[in-house]
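Here is a walk through one protein chain. Keep the sequence and the model side by side as you read.

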Amino acid sequence: GPISGTLPAGRVLVGTSEAAPPCEAPLGFGAPGRRLESSDVVVLFRTVPSPIEIGQHFTVEALVCPTPPLGAAAGFMVDARMPEHRHGMNYRARVFRKPDGIYVAEGLLFHMPGRWDLTFDLVTGNTTQRLASTLRVE
């Protein structure tokens, strides 16, 4: 018959209780205002192009530390709103994860100048964390 067995106690959770590894940011990530932190996660991001141009599509690239397991890309969303005008973008970003673990949100567009709150939603298990960065686009 099939052989069944269990892992020795403690083997399943190796590494999860250790301190999160330092977030090593590639060039251009985590510049001032481009690093967001909560109690257990750090998001470093950059925009391409930088600065963002009004009425032009742009891309957000983000690094999440500690890195979520592969397959967790569905749990990462990027959006933006104008709080002073109470509306969001006219476009929904397409988010995917590159093999190096960097998330890419394509197709964002700010259609008017002013203050935009760029939001990152990270879904892990049953919890959603929202981290936001305020961008002023002229």
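The text below covers confidence, then the sheet, then the aromatic rings.

This is a predicted model, in which local features need pLDDT of at least 70, side-chain atom pairs count only at pLDDT 80 or more, and totals for chains, interfaces and linings use all residues. Residues are numbered from 1 along each chain as its sequence is written, and side-chain values use heavy atoms, with hydrogens and water left out.

Start with confidence. pLDDT is the predictor's confidence in each residue, from 0 to 100. The chain has a mean pLDDT of 80, and 78% of its residues reach 70 or more. Residues 1-20 fall below 50; beyond near neighbours in sequence, this stretch has two contacts in the model (contact means heavy atoms within 4.5 Å).

Now the sheet. Helices (H or I, at least four residues) and strands (E, at least two) are DSSP runs, numbered from the N terminus. Two strands pair if DSSP finds at least two bridges between them. Five strands make an open sheet in the order E1-E2-E3-E7-E6, with antiparallel pairing. E1 and E6 (94-97) stand at the edges with a single partner strand each, so one side of each has no neighbour in the sheet.

Follow the chain through E1 (residues 35-37). E1 pairs with E2 over three bridges, antiparallel. The two form a hairpin with four residues between them. Glutamate 37 stands opposite valine 42 in E2. On E2 pairs with E3 (residues 57-65) over seven bridges, again antiparallel. Here threonine 47 stands opposite valine 60 in E3.

Is E2 (residues 42-48) largely enclosed or left open? Five of its seven residues are buried, so the rest of the structure largely encloses E2. Buried means under 20% relative accessible area, exposed over 50%, partly exposed in between (1.4 Å probe, protein chains only).

Last, the rings. Rings of Phe, Tyr and Trp (its six-membered ring) pair if their centres lie within 6.5 Å; planes under 30 degrees apart count as stacked, over 60 as edge-to-face and the rest as tilted. The count comes to five aromatic pairs. Phenylalanine 76 and tyrosine 103 are stacked, at 4.3 Å centre to centre and 20° between the planes. Phenylalanine 76 sits in E4 (residues 76-82) and tyrosine 103 in E7, 27 residues apart. Phenylalanine 76 is buried at 4% relative accessibility, and tyrosine 103 at 2%.

Phenylalanine 76 also pairs with phenylalanine 120, tilted, at 6.1 Å and 40°. Phenylalanine 120 lies in E8 (residues 114-124), so this pair ties together parts 44 residues apart in sequence. Phenylalanine 120 is buried at 0%. Phe45, Phe76, Tyr103 and Phe120 form one aromatic cluster.
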